[in-house]
Amino acid sequence: MQGVLGAFHHIDSAVHAVEELKKSRVGDITVYTPTPRHEFEHALEHGPSKVRVFTLIFGLCGVTFGYWIPVWMSDYWPLVVGGKAIASWVPFTILGFEVMVLVGGLATVFAMFGFAGIPRLTMTVGYDGRFSGGHFGVWVAAEGNDAATAESILKKHGAEEVRRER
Amino acid sequence: MATTAAPYRGGERPNIPSAAKRFPAINDYEQVDREIAGTLRPTLGWFAALGIAILCMLIGATTWTYQIHEGLGAAGYQPPVMWGVYIITFVFWVGIGHAGTLISAILYLFRAGFRTSIYRVSEAMTVFAVMTAGLFPILHLGRPWKFFYLIPYPNWRLIWPNPKSPLVWDVFAILTYLTISSTFLYIGLIPDIAILRDREKNPVRKAILATLALGWRNSDREWRHFTRAYLFLAAFATPLVLSVHSVVSFDFAMALTPGWHATIFPPYFVAGAIFSGIGMVFTIVIPLRKAFKLEHYVTLNDLDAAAKLCLFTSMVVGLAYLTEFQVAWMSGNKFEQDYFWNRVFGQWAWAAWIMLICNMILPLSLWSQKLRRNPMWLFILSIFINIGMWFERFVIVVPSLSHEFEPWQWGSYRPTWVDYGILLGSFGWFFMWFLLFIKQLPVMAMAEIKEVVPPRMKHGHDDDPHNLAAGTIDPDITGVAH
């Protein structure tokens, strides 16, 4: 992957650079920030995360499984306790709830991993260690003339360092 | 450098995390990284504390080995009291584990500003407390190597656990809680581990940190999904906190024993758990902020806010104590009335009064703002709360079993050195993990603190960084107020 990387020390400069890069459509933009910043979310105009779909689907699967397993166990090895029904849904709600949280919670995390593209084995291109500290990074995946345009926009907005990577 | 923040006055809302109020002595992101990563250097005091913790843990392990050899009779069980220190300590540690998720998940959903600087410690405390609690049902078994019989899986015995038993509910609840709270802790740690990875010079340590960080790069895509996932995990963890201690309370409330068979138990246990957990947070955070010189992160305003929560939960717990007496009095049930009389004026009066003084009376001091803002008093009070909450569980478990319906069921209970050794070992086990944690990983969420600290801006505001709170300076850039 080829592109241009700009490192900014000031958030407003980085946001203005992203806005102009977006208008000039020179390539896909990735922004690196030490902490989540809504300014960039607005500038980049990404839609909402789809993690929630997995939370819902797997939460429902979890609650179904959580009810099913005690019903099956009770049916397989019937124990009459206090004259209650073999499959008593009230006490089984506890297991249903716990398994819903377990499966739904873990699915949320795995969905986040999938959408965010982690675990990542290599991170040599388009990243700089300063971006977890105090700097803001803007990576534009571009080649040729587009890369030159991106480079000039990043410099114009006061990037501390601009470099091409491949 | 200012180490405290002024009290909030004049109708200001302390939970709105504006930088000037939250962290008046923190100027930029680099300072956050430098100061919090700086706490990872081991010190002589830390080695000494770790040595003591390991020694206590070894005493516990040796005692347990002795108990396995001799049998459960080595502990202080004596009919009719066949639940003792192990079950008391199990409930105690599960309770401690509740404040962590309360602080990290529930206060996150409520956007409580004081959470930011104490939630990492609380989350770690939760995980290690639940790890400790999970040992006690196993310690309590006559044949501990058969503990896995409670886990439902296809097996050669062709039998399954009874899903109507509170003990099976416990297995599901505690294992789910341990899994979700560990996941919550780890997910929150990923961006901070990435910070440590990027600062690390030692190649071996860097490789370990890089593996743990999973290749995290702080990209907009990662943050977008991370913040959503974190929110949903918090939303899942919130009812989980309430459910787990409710399930633990069912271990008692499902029995017909006097003093146990009450519908008040689930909310009573949950309030007690949160109260005891906040007590333990104070016990840990107050020395930590002093030792790590982080008083300007955990400010007096944070302690003040947490102390108010402590006061509130103490009053809920106190109300539950009094309600129990009122219910016994109004029930007309002689066994119930006798039991409560015996608890507070009879055989177990000493334990009941330790509980009442530590959990109901001493926390009333927190009505005073001066005391809420006095770390030394909060620390002393937290020790009393820890003692009081252990005795609360003692008062629940032992008096009920020693004074059931008929005179032949009346007896006494005296723990042996085996009980005390294992109790000491549990503290050693907990603090060993905690001390190891605080020197390997940051005790405060660096990335989240940076959300509150204003970022550097080129145009106009560098003269006073505290005026840079997002949403108040340049709406064109900040977009959404934090």
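In what sense, left-handed or right-handed, does helix 6 of chain B pass helix 8 of chain B? In this predicted model, the crossing of helix 6 of chain B with helix 8 of chain B is left-handed. The two elements span residues 166–199 and residues 220–253 of chain B, respectively, and their axes come within 9 Å, crossing at roughly 150 degrees. Angles over 145 degrees count as roughly antiparallel, and helix 6 of chain B and helix 8 of chain B are therefore roughly antiparallel to each other.

On the side of helix 6 of chain B, the residues making the contact include B:Pro166, B:Trp169, B:Asp170, B:Ile174, B:Tyr177, B:Phe184 and B:Ile187. Helix 8 of chain B contributes, among them, B:Ala229, B:Tyr230, B:Leu233, B:Phe236, B:Ser243, B:Val247, B:Phe250 and B:Asp251. By residue class, the contact of helix 6 of chain B with helix 8 of chain B consists of 18 nonpolar, two polar and two charged residues.

In chain A, strand 1 covers residues 3–8 and is mostly covered, with five of its six residues buried. Strand 1 of chain A pairs with strand 4 of chain A (residues 161–165), the two running antiparallel and being joined by five bridges. Strand 1 of chain A also pairs with strand 3 of chain A (residues 136–141), again in the antiparallel sense and over five bridges. A:Ala7 takes part in both pairings: its bridge partner in strand 4 of chain A is A:Glu161, and its bridge partner in strand 3 of chain A is A:Gly137.

Terms used
Residues numbered from 1 in each chain as written. Chains lettered and ligands numbered in written order. Predicted model: local features only at pLDDT ≥ 70, side-chain atom pairs only at ≥ 80, totals over all residues. Axes fitted to C-alpha atoms, helices over the stretch in contact; angles between N-to-C directions. Helix = DSSP H or I, 4+ residues; strand = E, 2+ residues; numbered from the N terminus. Parallel < 35°, antiparallel > 145°, perpendicular 65-115°, else oblique. Left-handed = near helix turned anticlockwise from the far one by under 90°. Contact = placed C-beta atoms within 7 Å. Nonpolar A, V, L, I, M, F, W, Y, C, P; charged D, E, K, R; others polar. Buried ≥ 20, exposed ≤ 12 C-beta atoms within 10 Å, placed from the backbone. Pairing = 2+ DSSP bridges.
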